[in-house]
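Hello,

Here is the structure I promised to pass on. Please open it and keep it in view while you read my notes below.

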Amino acid sequence: DLASAGSVDSTLKLFDFYLEEKDEKSAFEVLLRLKNSEDIRILHKFGNVYQNGIGVEKSLEKAIEFYDKAFLLGDYSAGFNIANIYYNNKNFVSAIPYLVNCAQNNHKQSIKMLAEFYQKGLGVVKDNQIAINFYLKLLNNGDDTVLFTIAKIYYSDKMYNEAFDYFLKAFNQNEYKSCIYLSNCYMLGQGVNKSVEKAIDYLNVGCTHNDINCYKQLAIYYE
């Protein structure tokens, strides 16, 4: 039996097989054969089973212990998982060192969470510009989903030129939640020349995509 001989690949395959058979107890027993392994995949898997209570009593303490071993060997997903455990338990300060390290190694989920920390002031002093810098790092790595978030931060800070630019970019990536903001920008002349016609055009587009805010605004306009 290759698994009992310590083959990581065979152990993981057998682990997955038992999970597919909904036999979590046997899955965990298979994993225990390599309990002293220093293989990143095994360490990460132990973190996962303890985090989620797969075939064993759930223990976030043990999950963090195994994830941390994997993290120290260069598993940045494990580092993020530790940060996420702390995040879910509102221990934001403990999450930050893991997020910073992982973000420095271009782990996208960590960069995004760190941006959120600075945007909301979770465990750090709230700083929208630092948050935007992290979101821009994601954007430069091809994550267009942050366009709308960047735009909203600029809008809340009354940086209307930048906000309008990013709302428009988000809209062009089919983020139709931008419609209400683009409409407001045109209606109020925020970051763009006033145009009631264009404001209504964006509300109509938003309505086409079932944006309730656009419906409400259009109803007010036609009252």
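**Charged pairs and a surface patch**

Arg41 is partly exposed, because its relative accessibility is 40%. Keep in mind that this is a predicted model. The values here are computed from it.

Start with the partner of Arg41. Arg41 forms a salt bridge with Asp9. Their closest N and O atoms are 2.6 Å apart. This pair links distant parts of the chain. Arg41 sits in helix H3 (residues 40–52), while Asp9 sits in helix H1 (residues 8–20). The two are 32 residues apart. Asp9 has 44% relative accessibility, so Asp9 also counts as partly exposed.

How many salt bridges does the structure hold? It holds six. Side chains of opposite charge can pair when their charged atoms come close. Here are two further examples.

**Glu29 and Lys25**

- Glu29 forms a salt bridge with Lys25, with 2.7 Å between the closest N and O atoms.
- Both residues lie in helix H2 (residues 24–32). They are four residues apart, about one turn of the helix.
- Is Lys25 buried or exposed? Lys25 is exposed, because its relative accessible area is 55% and the cut-off for exposed is over 50%.
- Glu29 has a relative accessible area of 41%, so Glu29 is partly exposed.

**Glu116 and Lys120**

- The side chains of Glu116 and Lys120 also meet in a salt bridge, at 3.1 Å from N to O.
- Why are Glu116 and Lys120 separated by about one helical turn? Because they are four residues apart in helix H7 (residues 108–120).
- Glu116 is buried, because its relative accessible area is 17% and buried means under 20%.

Some salt bridges share partners. They join Asp9, Asp39 and Arg41 into one network.

**The nonpolar patch**

Now leave the charges and turn to the surface. Which residues form a nonpolar patch there? They are Val196, Tyr221 and Tyr222. Together they have about 320 Å² of accessible area. Tyr221 belongs to helix H13 (residues 212–221). With a relative accessible area of 39%, Tyr221 is partly exposed. Patch residues need over 30% relative accessible area, so Tyr221, at 39%, passes that cut-off.

Best wishes

Notes: Residues numbered from 1 in each chain as written. Predicted model: local features only at pLDDT ≥ 70, side-chain atom pairs only at ≥ 80, totals over all residues. Heavy atoms only, no water. Patch = residues over 30% accessible without salt bridge, like charges linked within 9 Å, V, L, I, M, F, W, Y side chains within 5 Å. Areas by Shrake-Rupley, 256 points an atom, 1.4 Å probe, with all protein chains shown as cover. Salt bridge = Lys/Arg side-chain N within 4 Å of Asp/Glu carboxyl O. Buried < 20%, exposed > 50% of the residue type's maximum accessible area, 1.4 Å probe, protein only.
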